[in-house]
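Keep the sequence and the 3D view open as you read.

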Amino acid sequence: MAYIYIETFGCQMNEADSQYIADRAAASGYAMTANAAEASVVVLNTCTVREGAERRAYGRMAHFKALKRADPSVKLVVCGCLAEQDRDTMQAAAPHLDGVFGTRELARLGDALAAWRPSFDDDHSLADERLLLEPLGGHADCVGDPYAHVRTFVTVQRGCSYYCSFCIVPHVRGRFDNRPMDDILAECRVALARGGRELTLVGQTVNAYKEPANGADFADLLEAVHALDGLDRLTFLTSHPKDYTPKLAATMGSLPSLNPRFHLPVQSGSDPILRRMNRKYTVAQYREKIAAFRAHCPGWALTTDLIVGFPGETEADFEATLAFCDEIGFAQAFMFVYSPRRGTPAAHWEQIPPEIGGERLRRLAATIDRGVRAWHERKRGRIVRALVAGPSRKDRSKLAAKTIDNVTVVAPAGSLRESELRTRPWLDVRVDDAFTWGCVGTILGIAERYDGVAHPVDARSTIDLISSRFHERQTADAAPA
Ligand code: SF4
């Protein structure tokens with residue numbers, strides 16, 4: 001068997017692209033592996049949104065050189081935003097690469113996989129020699145795994161036309177390019193037919209979606225996907241405040257299978273900074289959007305992105321961000337110190353000293369973490385239904401799963417087998433403890449469907465896992481404190 005190993009860095013768009021690569025590989029006869037040492041093809045799907053992501057990607061390229069040394073027939077390819085940005089220099093910097101594919105060349109990568117496949121001997125295995133890779137460590141944001149099919153990313157739109165002054169995306173992925181709704185629905189049907197439990201509609205600015213032929217908007221698309229037979233859960237990433245309309249808020253509140261989690265990046269709580277970022281909304285407008293969201297979607301988790309140390313950010317600007325975060329009470333936030341990206345306007349402006357950026361990040365994290373921890377604490381003692389994600393990174397005897405409001409829960413796998421979880425991927429987990437990063441607990445049952453009856457994993461378990469009771473628990477789980 002020829003195996004393909006895919007490491008993904010960065011955002012949901014890259015995860016969706018990795019899924020496309022995995023599908024093309026499967027069609028050519030490859031099997032996915034989560035172990036690079038047994039792969040015939042290693043794919044690094046890279047990100048360039050921050051300097052750290054670039055460094056990690058180049059580090060991984062150097063790391064995988066050992067694979068080529070042990071077995072020159074192994075193919076090592078790089079794709080994604082960094083490949084697009086550095087396409088002219090990457091191959092020279094890393095001559096051991098077998099291919100560099102930009103963001104619009106995924107089909108060409110799929111063709112290369114098909115062309116390479118016959119050259120791999122099916123008995124070929126040099127895993128022992130390649131074990132030398134393991135001690136070198138290093139992690140991608142995501143590695144293709146045996147449960148990848150239960151959680152499907154469906155790209156609804158590529159690129160972005162908003163040109164935030166800090167962002168490289170429009171430069172490496174181009175302007176908005178919306179897919180026809182019929183194509184999106186067809187892809188969703190295929191994902192559901194092969195066992196997908198949760199669909200995530202992805203776009204860099206997903207709620208700006210407009211059907212190219214008839215102008216149907218993102219709310220219309222959500223309704224159409226929600227109506228598909230066999231859908232368990234639906235969610236979407238990432239939204240822009242500018243395109244969050246009253247219609248979308250009302251639609252979100254009306255769709256019972258939509259996950260109770262909304263990610264709406266605010267980036268800063270200061271109007272002068274939002275203007276310099278070219279974000280196209282004010283703090284007051286963001287606040288209004290949240291009021292509409294909460295009116296239609298009470299008890300949902302609201303998550304966000306924040307950048308500190310942006311050029312021109314004064315202490316007063318930063319204090320405004322802190323106060324705004326305190327006021328809103330985000331259930332989670334992805335926080336970053338601004339890092340200049342080549343080719344973007346903000347990279348040419350006077351920069352904030354890194355030590356100030358670092359200190360602001362620590363203060364912001366302390367504020368955000370209080371809200372995050374409180375959100376997780378609400379789950380303590382409750383039974384939550386969560387979709388399996390794979391073995392825990394820190395302890396492979398444990399399973400990690402995600403609740404429908406996107407909280408990580410980790411629990412001992414016990415005697416559960418991968419084959420069972422592939423068909424019953426929903427875990428009923430009693431939450432025993434809560435932390436800032438997520439929760440730990442005990443798996444009581446596994447279920448085929450989100451609304452289905454759970455099968456107890458322990459014969460001594462007396463807990464009632466009947467679906468009607470389960471619903472009550474989920475409602476309570478999503479309710480505000
Ligand atoms: S909205 Fe701004 S931050 Fe988001 S992808 Fe577009 S340019 Fe980048």
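**Helix over a sheet, and a helix pair**

Helix H1 (residues 12-27) lies across S7, S10 and S11. H1 runs at about 105 degrees to S7. The model is predicted. The points below take the sheet, then a pair of helices.

**The sheet**

- The sheet is open and has 3 strands, in the order S7-S10-S11. Their pairing is parallel.
- Strands of a sheet pair through backbone hydrogen bonds, either parallel or antiparallel.
- Strand S7 (151-155) and strand S11 (233-237) stand at the edges. Each has a single partner strand, so one side of each is left without a neighbour in the sheet.
- On average, neighbouring strands of this sheet are turned by 25 degrees against each other, direction ignored.
- S7 and strand S10 (residues 198-202) run parallel and are joined by 5 bridges.
- Phe153 stands opposite Thr200 in S10.

**The helix pair H10 and H11**

- Helix H10 (residues 218-226) packs with helix H11 (residues 246-254) at an angle of about 15 degrees. Their axes are 9 Å apart.
- H10 is therefore roughly parallel to H11; angles under 35 degrees count as such.
- The crossing of H10 and H11 is left-handed.
- From H10, the contact involves Phe218, Ala219, Leu222 and Glu223. They meet Lys247, Leu248 and Thr251 in H11.
- By type, the residues of this contact of H10 with H11 divide into 4 nonpolar, 1 polar and 2 charged.

Definitions and conventions: Residues numbered from 1 in each chain as written. Predicted model: local features only at pLDDT ≥ 70, side-chain atom pairs only at ≥ 80, totals over all residues. Axes fitted to C-alpha atoms, helices over the stretch in contact; angles between N-to-C directions. Helix = DSSP H or I, 4+ residues; strand = E, 2+ residues; numbered from the N terminus. Parallel < 35°, antiparallel > 145°, perpendicular 65-115°, else oblique. Left-handed = near helix turned anticlockwise from the far one by under 90°. Contact = placed C-beta atoms within 7 Å. Nonpolar A, V, L, I, M, F, W, Y, C, P; charged D, E, K, R; others polar. Pairing = 2+ DSSP bridges.
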